[in-house]
Amino acid sequence: MKIVSSFYKFMFAFVLLAAVSCDSLDEINDNPNGISPTSANPNLLLPAVMRQAALNINNMGYGDLAGTVQHTQKDGWFTGHNQYEWGLQDWNGWYDMLRNNRFLMERAEATGLDFHRGIALTMKSFLFGTITDLWGDAPYTMALRGDQPGLENEFPAYDSQEVIYDGVINDLKAAAQIFATGSNSGIIPQYDLYFGGNAQRWHKFTNSLLLRYYMRLQAKKPDFARAGIEEVYRTGIFLSAADDDVTMNYIGASAGDSWPSATDFDAGSNFRRIKPTTTLIDRMLEINDPRIPVWFRPVHCQWIEDPTLTTAIDPFIRENGVILNGRVSFNDAEYVQRIAAGNVYTRHYNPALLGRQLDTGRYVGVPPALENPSAHNLNPTEGQQLENQHVSQLSDHYRRRSGGILRARIISAAEVHFILAEAAQRGWNVGNAQTHYNNAVKFSLETWGVGGSYEEYIARPGVAYNGSLEQIIEQKWIASWTTASESWFDFRRTGLPALVPGEASAEPVLPVRFTYGNNEINFNANNANAAIGRLEVTYAAGRGANNQWSKPWLIQGTGKPW
């Protein structure tokens, strides 16, 4: 891989163009609108890194990884989401952010702005940590040197996951020391998209990331992970309230600054295809979870069991109990308008004549990896033109561009306290497991605006703490809604929740990594192939070792997740 700074590529092209346009090669035109690498203000570089990092995490957690951990399913364009049919995946966008972040680091060091240097260290750790989480081994110590001479810089070697995680943790520790001073000298608050220049919140974020990455290593380096988590816990500086959640609001001005399924931009197409999965919604219904109506909408048209019916099913829907002859369904916009006006829609069926049961609930999900998900629950309008009226959609929040719960979520207080609950459950010296578990549940409910239900919810069977790791991870899995990448990473190292792929999944187990992309295979082949050779091959099935079921170092020898 040739990791060359985009900025320097642009500057070289500009200088070359200017040179050949002049009468003399001694004359170089200056671009009055350009940003000089020797005078750029570090504040102006912050949004380029922070914004795209938040968008990338949200797009994964709301996208195909939500299908992987069985939060959602798609009933159109579904093979990647539901069945794990992933192609080769390049990481260019992540390294683009790292190049911008390197420039931020250079300018922070050149201008003596330690606060900005702390941000750059934190974001470097977060980005490299995400890359190794997703792919495995990756260029790290030799990365971002494509502007320097030497083939070793043009074609960087891959570091092991162990080396990358150690580097991530060391950089986070260095950043924490900077933020511990409390100084935010030189910051222009509006350019800090996460915290507006608040050093204490950056310190909490950095230490919370340390907890995350130490726990990543729980199975491979248990003593190291335990010591690190206990050390951070002793500081008391980590996310400790729902208001501490690290999020970024959407502006809503364009598709790129709006929630991914905003119906203003895609005529409802992306929104309409995403459904809750039965794995998640059925469990939430069992424990009467108050987040259900925040995330999901009741079915437009509910099935009613009717043993008096002389045919297997009503061919037509009923409005307030009255059959609408000739009407099989309304489209989504019509249903939304009519239901808002107080109308109720049902269809009747006779289970004895049909020979099977349909889901008659108000909230209905789609089972994972069906052959034909759009047909589920006897949908009369299969395909992609109309929504399935007998399956729940996401709540109306997710039709919008921005506002309310529509935030890119990077790390939450709930996640942090689930980590501490797990650490305590494992016997580590970080306080009481039940206290952390209860706080994690409470913070998640508060994040989603239903904190008033906490006392009742935490006392329910299946929710009240029972001392098991299974329960901690299950509630963490629920709480990771729209941040599904974290549930995927937890599943890989623990095998929890015990997710089972559906009938049409590409393999009988869930995937555990992204595949190295074409850029690496074609242009950095020796180093990419060396990294592929270090994978533990499991389900090759004609795909070769570079597939999503080959185990990277982090889970090799652990027996997890399968």
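User: Why is Leu406 called buried?

Analyst: This is a predicted model, so the value is computed from predicted coordinates. Leu406 has a relative accessible area of 1%, and buried means under 20%, so the label applies. Leu406 sits in the loop between helix 16 (351-354) and strand 10.

User: What does Leu406 touch, not counting residues up to four places away in sequence?

Analyst: With those set aside, Leu406 touches Tyr250, Trp259, His397, Tyr398, Arg400 and Arg401. Take Trp259: 147 residues separate Leu406 from Trp259 in sequence, yet their C-alpha atoms are 6.6 Å apart in space.

User: How do you know that Gln475 counts as buried?

Analyst: Again by the cut-off. Gln475 comes out at 1% relative accessibility, and the limit for buried is under 20%, so Gln475 gets the label. Gln475 is part of helix 20. Beyond four places in sequence, Gln475 is in contact with Ile287, Arg291, Phe418, Tyr437, Val441, Tyr457 and Val463.

User: And what makes Ala120 buried?

Analyst: Its relative accessible area is 0%, and anything under 20% is buried, so Ala120 qualifies. You'll find Ala120 in helix 6. Its contacts, leaving aside neighbours within four places in sequence, are Asn101, Leu104 and Met105. From Ala120 to Val49, 71 residues apart along the chain, the C-alpha atoms are separated by 8.9 Å.

User: Which residues touch the most other members of the largest nonpolar core?

Analyst: Trp94, Phe128, Tyr194, Trp202, Ile229, Phe296 and Tyr398, out of 133 residues in that core. Helix 6 (residues 114-135) gives the most to this core, with 11 residues. In soluble globular proteins, nonpolar side chains tend to be buried together.

User: What is Tyr194 in contact with, leaving aside its neighbours within four places in sequence?

Analyst: The list is Met50, Ala53, Ala54, Met123, Arg201, Trp202, Phe205, Val246, Thr247, Met248 and Ile410. Trp202 is among them, and Trp202 is also one of the core members that touch the most others.

User: Why is strand 9 described as largely enclosed?

Analyst: Because five of the five residues of strand 9 are buried. Tyr345, Arg347 and Tyr349 point one way from the strand, while Thr346 and His348 point the other way. In a regular strand the side chains alternate between the two faces of the sheet.

User: What makes strands 6 and 8 edge strands?

Analyst: The sheet is open, with four strands in the order 6-9-7-8 and mixed pairing. Strand 6 (302-305) and strand 8 (322-323) each have a single partner strand, so one side of each has no neighbour in the sheet.

User: How do you know that strand 9 pairs with strand 6 and with strand 7?

Analyst: Count the bridges: a pair needs at least two. Strand 6 is joined to strand 9 by four bridges, and the two run parallel. Strand 7 (residues 318-319) meets strand 9 (residues 345-349) over two bridges, in the antiparallel sense. If you want places to look, Gln302 stands opposite Thr346, and Glu319 stands opposite Tyr345.

User: What does Asn331 do at the start of helix 15?

Analyst: One of its side-chain oxygens reaches to within 3.2 Å of the backbone nitrogen of Ala333.

Methods: Residues are numbered from 1 along each chain as its sequence is written. This is a predicted model: local features need pLDDT of at least 70, side-chain atom pairs count only at pLDDT 80 or more; totals for chains, interfaces and linings use all residues. Side-chain values use heavy atoms; hydrogens and water are left out. A nonpolar core is a set of buried Ala, Val, Leu, Ile, Met, Phe, Trp, Tyr and Cys residues joined through side-chain atoms within 4.5 Å. Buried means under 20% relative accessible area, exposed over 50%, partly exposed in between (1.4 Å probe, protein chains only). Contact means heavy atoms within 4.5 Å. A polar contact is a pair of N or O atoms within 3.5 Å; within protein, one must be able to donate a hydrogen and the other to accept it, and residues adjacent in sequence count only if both atoms are side-chain atoms.
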